[in-house]
Amino acid sequence: MSDIAANWAAVRRRVDAACREAGRNPAEVSVLPVSKTFGADVVRAALGLGLYRFGENKVQEIREKAAALAGETIDWVVIGHLQTNKARDVARLASEVQSLDRLELAEALQHRLDVENRSLDVLVQVKTAREETKQGLPADALPDFLQQLRAFPRLRVKGLMTLATLSEDTGEVRACFRQLREWRDRCAAEGYELPKLSMGMSGDFPLAIAEGATEVRIGTAIFGSRSYASA
Ligand SMILES: *Cc1c(COP(=O)(O)O)cnc(C)c1O
């Protein structure tokens with residue numbers, strides 16, 4: 001538990017340092033702690049540090065942890081690939097989805113949010129990495145997709161999210177982040193306001209901050225290494 005406190009403080013210091021290095025104000029960059037694969041006890045320890053937003057990539061894990069932590073005020077953020085048949089739980093339990101990547105999912109979420117009489121913050125996940133396995137909307141489909149999302153008033157579109165290519169080549173990683181920022185700027189010129197850029201993880205967040213990230217999603221550097229592989 002004290003590890004989490006020390007790790008959290010170290011991550012925040014490193015994020016602040018990356019901001020200063022990039023000539024940016026540290027107040028512009030938030031850290032989303034990614035608690036996937038860790039249990040409710042770990043989330044509870046993090047709540048004790050004043051953290052209250054947590055990134056998860058499986059809806060089933062949100063269900064389990066939300067049940068174990070009933071009574072706590074927690075904002076669950078979905079960052080993993082979402083199947084439409086999970087829309088009901090997402091509409092009930094999540095405060096934000098960063099992995100919106102297709103119209104069918106927007107339709108399912110809007111429908112279930114109608115039932116729950118709730119709204120959801122969403123980020124559009126854009127594919128900037130070259131790996132086939134990386135999810136996301138093709139970047140050139142973004143303007144049309146943003147136009148289509150206007151038909152779903154319960155989805156509050158706040159920005160864009162991406163995962164960079166996993167590579168030792170920092171130039172290639174950085175190019176993924178730059179692409180996301182450039183698409184954001186292009187869409188802004190077309191009238192779509194997208195203030196949030198969620199990009200950067202434990203291994204690459206300084207590069208993302210240099211390219212304009214407003215949120216970095218950090219798991220390993222806060223909670224330690226995960227016992228099983230999880231995209
Ligand atoms: C797991 C995950 C992260 C955090 O990864 P770390 O390398 O552990 O910091 C960030 N974003 C997404 C989409 C993830 O699935």
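Mentor: A residue is buried if 20 or more other C-beta atoms lie within 10 Å of its own, exposed if 12 or fewer, and partly exposed in between, with C-beta atoms placed from the backbone. Because Lys 36 has 19 C-beta neighbours inside 10 Å, Lys 36 counts as partly exposed. Residues are numbered from 1 along each chain as its sequence is written. The model is predicted: local features need pLDDT of at least 70, side-chain atom pairs count only at pLDDT 80 or more, and totals for chains, interfaces and linings use all residues.

Trainee: What does UniProt list for Lys 36?

Mentor: The unreviewed UniProt entry lists Lys 36 for "modified residue: N6-(pyridoxal phosphate)lysine". UniProt positions follow the numbering used here, feature names are shortened, and annotations may be inferred rather than shown by experiment.

Trainee: Where is Lys 36 found, and between which elements?

Mentor: Helices (H or I, at least four residues) and strands (E, at least two) are DSSP runs, numbered from the N terminus. Lys 36 is in the loop between strand 1 (30–33) and helix 2 (40–47).

Trainee: How many helices and strands has the protein chain, and why is it described as being as compact as a globular protein of that length?

Mentor: The protein chain has 9 helices and 9 strands. The radius of gyration is taken over C-alpha atoms, and the globule rule is 2.2 Å times the number of residues to the power 0.38. The radius of gyration of the protein chain is 17 Å, close to the 17 Å that the rule gives for 231 residues, so the chain is as compact as a globular protein of that length. Buried residues make up 42% of the 231 residues.

Trainee: Which residues have the most contacts inside the largest nonpolar core?

Mentor: A nonpolar core is a set of buried Ala, Val, Leu, Ile, Met, Phe, Trp, Tyr and Cys residues joined through C-beta atoms within 7 Å. The largest has 66 residues, and those with the most contacts inside it are Val 90, Leu 109, Val 124, Leu 160, Val 216 and Ile 218.

Trainee: With which strands does strand 7 pair?

Mentor: Two strands pair if DSSP finds at least two bridges between them. Strand 7 (residues 155–161), with 6 of its 7 residues buried, pairs in the parallel sense with strand 5 (residues 120–127) over 6 bridges. Strand 7 also runs parallel to strand 8 (residues 196–198), joined by 3 bridges. Gly 159 is the bridge partner of Leu 123 and stands opposite Lys 196 in strand 8.
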